[in-house]
There are 8 protein chains.
Amino acid sequence: MRHLPFEDLGFAHVDHHRQIRRGFPEVIYCPGKTVEQIVKIFSALAEKGDNVLATRAEEDVFKALTRTKKFPNVRYEKSAKAIVLEQKEIKPSKTTIPIVTAGTADLPVAAEAKVTAEIMGQRTEIIPDVGVAGLHRLLGHMERLQNANVIIVIAGMEGALASVVGGLVSCPVIAVPTSIGTGASFGGISALLTMLNSCAAGVTVVNIDNGFSAGVAATLINKRIEQNNS
Amino acid sequence: MRHLPFEDLGFAHVDHHRQIRRGFPEVIYCPGKTVEQIVKIFSALAEKGDNVLATRAEEDVFKALTRTKKFPNVRYEKSAKAIVLEQKEIKPSKTTIPIVTAGTADLPVAAEAKVTAEIMGQRTEIIPDVGVAGLHRLLGHMERLQNANVIIVIAGMEGALASVVGGLVSCPVIAVPTSIGTGASFGGISALLTMLNSCAAGVTVVNIDNGFSAGVAATLINKRIEQNNS
Amino acid sequence: MRHLPFEDLGFAHVDHHRQIRRGFPEVIYCPGKTVEQIVKIFSALAEKGDNVLATRAEEDVFKALTRTKKFPNVRYEKSAKAIVLEQKEIKPSKTTIPIVTAGTADLPVAAEAKVTAEIMGQRTEIIPDVGVAGLHRLLGHMERLQNANVIIVIAGMEGALASVVGGLVSCPVIAVPTSIGTGASFGGISALLTMLNSCAAGVTVVNIDNGFSAGVAATLINKRIEQNNS
Amino acid sequence: MRHLPFEDLGFAHVDHHRQIRRGFPEVIYCPGKTVEQIVKIFSALAEKGDNVLATRAEEDVFKALTRTKKFPNVRYEKSAKAIVLEQKEIKPSKTTIPIVTAGTADLPVAAEAKVTAEIMGQRTEIIPDVGVAGLHRLLGHMERLQNANVIIVIAGMEGALASVVGGLVSCPVIAVPTSIGTGASFGGISALLTMLNSCAAGVTVVNIDNGFSAGVAATLINKRIEQNNS
Amino acid sequence: MRHLPFEDLGFAHVDHHRQIRRGFPEVIYCPGKTVEQIVKIFSALAEKGDNVLATRAEEDVFKALTRTKKFPNVRYEKSAKAIVLEQKEIKPSKTTIPIVTAGTADLPVAAEAKVTAEIMGQRTEIIPDVGVAGLHRLLGHMERLQNANVIIVIAGMEGALASVVGGLVSCPVIAVPTSIGTGASFGGISALLTMLNSCAAGVTVVNIDNGFSAGVAATLINKRIEQNNS
Amino acid sequence: MRHLPFEDLGFAHVDHHRQIRRGFPEVIYCPGKTVEQIVKIFSALAEKGDNVLATRAEEDVFKALTRTKKFPNVRYEKSAKAIVLEQKEIKPSKTTIPIVTAGTADLPVAAEAKVTAEIMGQRTEIIPDVGVAGLHRLLGHMERLQNANVIIVIAGMEGALASVVGGLVSCPVIAVPTSIGTGASFGGISALLTMLNSCAAGVTVVNIDNGFSAGVAATLINKRIEQNNS
Amino acid sequence: MRHLPFEDLGFAHVDHHRQIRRGFPEVIYCPGKTVEQIVKIFSALAEKGDNVLATRAEEDVFKALTRTKKFPNVRYEKSAKAIVLEQKEIKPSKTTIPIVTAGTADLPVAAEAKVTAEIMGQRTEIIPDVGVAGLHRLLGHMERLQNANVIIVIAGMEGALASVVGGLVSCPVIAVPTSIGTGASFGGISALLTMLNSCAAGVTVVNIDNGFSAGVAATLINKRIEQNNS
Amino acid sequence: MRHLPFEDLGFAHVDHHRQIRRGFPEVIYCPGKTVEQIVKIFSALAEKGDNVLATRAEEDVFKALTRTKKFPNVRYEKSAKAIVLEQKEIKPSKTTIPIVTAGTADLPVAAEAKVTAEIMGQRTEIIPDVGVAGLHRLLGHMERLQNANVIIVIAGMEGALASVVGGLVSCPVIAVPTSIGTGASFGGISALLTMLNSCAAGVTVVNIDNGFSAGVAATLINKRIEQNNS
């Protein structure tokens, strides 16, 4: 095991084995890294010919990458704060994962989930702003939800949407609490606790605002379903 | 103001003015008081001819009261853990307050709200176990909810029921988080935060498991509505 | 139920049924939404001829709305950080709700409660800076408080004002903790806990700094009282 | 939707539609319910001919059920604290879900996950006590883990096992923090935070000690994979 | 300094210099000590001829002390859970410290403060159950409060009494939060935060339920005032 | 009581009775107030001829006050962030209160305590940077500490200095936790808890960074001692 | 690595390689394990001829072990709640580690550290009850502390002792917070935060009440020092 | 003891005895100190001819020091945010301490540990970015880890690396949680709890992001080992 491939950049050990071991390449989580470090890691991953994703990236990182002129196809997904380089064809999934949000303000987290799933070849569709204060908005989309293999539910404030969706469908639900809210939402703790305590069994939870992890988890699940379906 | 009536028992200052000032008599909250103290306060209140309510009362308090033989009509509401003495006729309200619970385990809190409202002359009806994991159970009771002047919603675990009810009705909703749940429900904190962060405006919240305060608040509201209605 | 009206803007599902279902129109909570999104939701609501309220709005949102020249009557309530469009006559309530604050610094939250109540037709009056460090200031306003149908009490720091008011009146009291304070006030947690633990029964609580929700709840209560009073 | 079937027992609304809607019948979560209530709900579910599961059940509940003599096949899974009634044949799954625990003390949570999965027809195998203090114990089971469709990882104390497993496999991982530990483990908060912050993408989390929810979620995932596989 | 007197009992270093350095002898805080250890420390202190106080003592400790027959005058203050041995005359203070409690249930903490002050020669009087839900009860005692040199205020639940008293008097106020309350009182945290955030300047706070420390602090203050007064 | 004097500024009720009732005038706590509001309250207080103190004041407030040209003697204490107007002679106390700090970074809190005490006529001296990492620095000042009537101890990080000082002296000690520190100091919670849990009896605590309240409390204590001393 | 030795008991993977890899054998942490499981793990470890340690063991576990009659030399350290089997000679260290406690009530944690160190061959001496309320008690032991290679400091309540010791010596200090205390000590959180925030550099911390881990860490350090010393 | 040397700068008591007592000179922790104060303390330390270290220093502090022209050799370690003045030869240690980080973003904390160790004469080497999501990266460095006398492990997010390293080596491990992470990492609390609850005995912990304290503790340990080794 200690002989698996990685690349030592001095400040980072790039894990070139991750694609094989985990089914998706190493992704660059930007916070705390200098722009220079991110560019070097990005380059190391890109040189292998893989598609590259950098999350939580400020726009200046994207500008630094474009200035290198090494990545003509790199693009910046502003809402998701993600940098994407597609240089290898991505085969799209057959089925689509619904990404449901309670409010409009939850959309950046949905965008991160979406861009993550898509670079892994997973098609998604966002159903925004169907929170429980107006349940009929959610019920108007029931058919799409009941046909899904897996659903991502994203909500801040009281986070009740995950339980409501979870109680209506038979597929696994991945809940993402967001930091949207004020006062006693405590930066997402309220929604996180709501989702962890969901009375709808089968709801699993990722970290606050972590659209990336939800995107990975949902894609890993749906990939297995589609693989076995062929 | 410093000349309003109270009675000094040595260990308690019984507030005989509360009925006039607040619209309901002093209620005995039992935890932390000795049985002997409770019996004395109970007696002081009963001697004025008022109805008396003692909440969070263990059964041995009730037994001590019956042993005194001074209160032949005193009764113990086991589920609510409340002791009730009705010695003055209570005029029942015209309208009924629905007390909705998410689960069966929330019933003792509902019972405390019920017994509190009833000693203040407020009729109530409990709609139990209609949590969001099976929304159709709640929707089956919509008519009663939409006709109410005020609704009490009681829920533990993720506490999502308060938002869902709040989003469906036009009357005020009083939410009571309960300590039902395990792990990250943290003794009711999860439900409390959910309710405080409700996206359904107009939902107000009382302390965890505090059926008593919800009963008082709902009754104060409905009394004013009925008074003005005559 | 799934056939109730809403409008899909791509990033939001505007709930045009809320006025009918809940007694007040959908309100735009601005944080987390882009200026462009707010303008579009505002427009969608305004086109129906309803009055529109946007809360927690930065001034640049207001400027963007005025630049559209579609809403000549739109105004910005600076202290409340609220944008208001009145295009349909609002019938004022007969009675006035007192909004009591412990300190001067709590006034922005009071202003949010006031503007919210007023767009729902509810008259209010603010009684500022009557915190418990100088009780005589509060007692000087007792008559107005004892005549009210419902009272909003707003306090930061230790939040004790809610209990003191609650102990003096027979109407329902809605308590709003604020984030005013330093150190162990923990952004309003201190006042929130004080209010939740109020020994004055009948006090209900909304989220920290949530003048909006207090305004809605108080108005829903008073509306019912006045309706039944006619 | 409001016409879906449920049964009103007075203190509970039994959701007979759950099997159709969610793919598994209503399960009785015992804490907070009286023994009498549990027996009645159990009976109502059993009468439909379904298999019945009651979780977090003390042994006296099981004894009360056996005293009724209505359920000759009912059994008590002591370690899981679960009561199981199998009266309808359960078709076992083709593949097996590994349930990995960090320590021996995590086994009751694993047992709850196991009994839950099994009543849903899902085969499982427990791999106990392979925590990170002795990594070679985990690595000795790598083949089984890498062949799984989905893995449940259960750990208390620092909960690091979920990240380590998550970094080694390509299937989804469901992490269950347990309350095992002392001092700053804070009843499972330490493990919960570890799992939520996992650097291994694709790990999703359920509530502390919630083997039941992990069992449901894992089974829902694997069922879809196997269904599509046929 | 390292040559000051103490006595090494093997499991304790009894500080015989404390009376000189701090103005009161070492006091035995019982929790966590074995009965045998307490008896030995008690004996070591008693042999010096000083008065001895043991706090948070269960009754079996008192019984073990009486069984030794070495301390014929030892007594157990049940409400305070304190063991007291007076073998040296205590000269009573000229002035009395009021110990004010919000509720009857706060009395054990008041009793601990009282017994502590008294063994230091400080006279006290308890004014119980004058919480803010009925302010007139407090105002009925204003004269005694305004004549005091220092006041101890003891309150659980929302702890508002400390601010109210603090706003009415010109002497220092020592506030003791108690663990009385339920739900979001969190074992006294609510009252503690209230008191720390008091808008009435000059209120200082001790640990939850720590009547002992309040008794010491108030006595140290009053002693200095009386000393200088002679 | 409701007839005591206050002045209604529309946004504030200035408490002109505080000097009589509490022994010091109302002090302006600036955070959350607009500059305009502060200037008006300052003016209302100054017009009575009293000395005025505004705490937590940004420099622009001071500039606004000087621009009014109404207060030629107003000055800004930068380290304390306090605005001081002395227009009535202050009679200095006979004795001096030591204000001890654990580190240099705690000095702004000490400065706030100092300026507060001084406007009440209390002389103080700051003994800075004598934290427990170098105990000899503290012991070098023992004489001054042992001669004091009351001591203020200010410390961040682990806040241990309060216990060490408290264990060495016989006068009351007022402890002020500060927000100095990083990581698990949690903005002063670490020092706050340390001080609340002090094993040195007689230590009382004020809110984090609250030099003002410590200054008031210490002065109230020392005033009484000196008064009685004459 | 995956071929290192362990033994699969069905419910536990006993790590027989730990002695080689880590320098001490696997230790049995008892909470959460059944008595039967502990006996089997104990036996598996004992059969290898190693010395065996079981921590946090209730006395009934010890009794079950003695009933097996397989371990004639097994003994129960009551204060430490540890079961010890010495069947292989332990070579004592040359130097002694001081284990310093703030109070008598901290002694069980000291005992756990002591028994752990001793089974690893490390000599220790306990210096009890030298907390900062009476600093001279600590200073009386300075020589022993200054001669040590490493010191364990154990304290509850405010935990200040670790900083004071850390400021006086040049060797590494391992701090153990204990759960001794009440109210705002929050089961050891107060002492834990104090120690983590120690201004005395070089103090490292283990979990609350974790005498075992402190014993291991101190022994690992001292072993290296002595090894290199030969 | 009270006669040990220190220097009173008015705002600081510089501890010139620390080198003798603790084995390393006083270090300047910059936050909360003014630039002017830092320059003066720096000068006071430098004048004794010692090497000087200032931590958590913004670049403007360094510029102010260079402007004095008194310290031609002073340098700024940007990543560590440390100012270093070497004016006395530092004898390098024989052995090297590995500083292992979980991610690239943890490097500034590693840099602080490194610069701290080095000014104490301790050689270090950083092994970056070997977190548990790709275990083979860590295993590739096993030899260096197993040969170390002491290891510093730095990790944010879930902090699992400390347990994994701790389980693989026989030397003491010092764990540093970092504030790297988002959402429920709560500024490093997640990693802190993980490390405190490590199942790998012998892991001790310092405060969040406290590379300085880890550097001191590791150097104190290794110094003793090397001293005794000569």
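Chain A of this predicted model contains nine helices and 11 strands, where helices (H or I, at least four residues) and strands (E, at least two) are DSSP runs numbered from the N terminus. Residues are numbered from 1 along each chain as its sequence is written, chains are lettered from A and ligands numbered from 1 in the order in which they are written. Because the model is predicted, local features need pLDDT of at least 70 and side-chain atom pairs count only at pLDDT 80 or more, while totals for chains, interfaces and linings use all residues; side-chain values use heavy atoms, with hydrogens and water left out.

The C-alpha trace of chain A spans about 50 × 45 × 35 Å along its principal axes. Of the 230 residues in chain A, 68% are buried, where buried means under 20% relative accessible area, exposed over 50%, and partly exposed in between (1.4 Å probe, protein chains only). Among the contacts in chain A with a separation of 6 or more, 67% are between residues 24 or more positions apart, a contact being heavy atoms within 4.5 Å.

The size of an interface is often given as the accessible area lost when the parts come together. Between chain C and chain B, the buried area is about 3300 Å², with carbon and sulfur atoms giving 54% of it; the term denotes the accessible area (1.4 Å probe) that two parts lose on being put together, summed over both. Here 37 residues of chain C are in contact with 37 residues of chain B. Zero salt bridges are found across this interface, a salt bridge being a side-chain nitrogen of Lys or Arg within 4 Å of a carboxyl oxygen of Asp or Glu. The count of residue pairs in polar contact between chain C and chain B is 20, with both residues at pLDDT 80 or more. A polar contact is a pair of N or O atoms within 3.5 Å; within protein, one must be able to donate a hydrogen and the other to accept it, and residues adjacent in sequence count only if both atoms are side-chain atoms. On the side of chain C that touches chain B, two or more residues come from each of α1, α8, β11 (203–205) and α9 (211–229) of chain C. The largest share of that side, 10 residues, is supplied by α9(C). By class, the side comprises 22 nonpolar, 12 polar and three charged residues, with Ala, Val, Leu, Ile, Met, Phe, Trp, Tyr, Cys and Pro counted as nonpolar, Asp, Glu, Lys and Arg as charged, and the others, Gly among them, as polar.

Between chain C and chain A, about 1800 Å² is buried, and carbon and sulfur atoms give 61% of this area. The interface brings 26 residues of chain C into contact with 23 residues of chain A. One salt bridge is found across it, formed by the side chains of C:Glu26 and A:Arg137 (4.0 Å, N to O). Nine residue pairs are in polar contact between chain C and chain A, both residues at pLDDT 80 or more. At least two residues of the side of chain C that touches chain A come from each of β2 (13–14), α1 (18–22), α2 (35–46) and α8 (189–196) of chain C. This side has 13 nonpolar, six polar and seven charged residues.

Two chain pairs without contact were also examined. Chain B and chain F do not touch, and their nearest C-alpha atoms are 8 Å apart; for chain B and chain G, which do not touch either, the nearest C-alpha atoms are 15 Å apart.

Over all chains, the structure holds 96 salt bridges. In chain C, the side chains of C:Lys114 and C:Glu118 form such a pair (3.3 Å, N to O). C:Lys114 and C:Glu118 are four residues apart in helix α4 (residues 107–119) of chain C, and are therefore separated by about one helical turn. C:Lys114 is partly exposed at 24% relative accessible area, and C:Glu118 is partly exposed at 32%. In chain E, a salt bridge joins the side chains of E:Arg18 and E:Asp15 (3.1 Å, N to O); E:Arg18 is buried at 10% relative accessibility, as is E:Asp15 at 2%.
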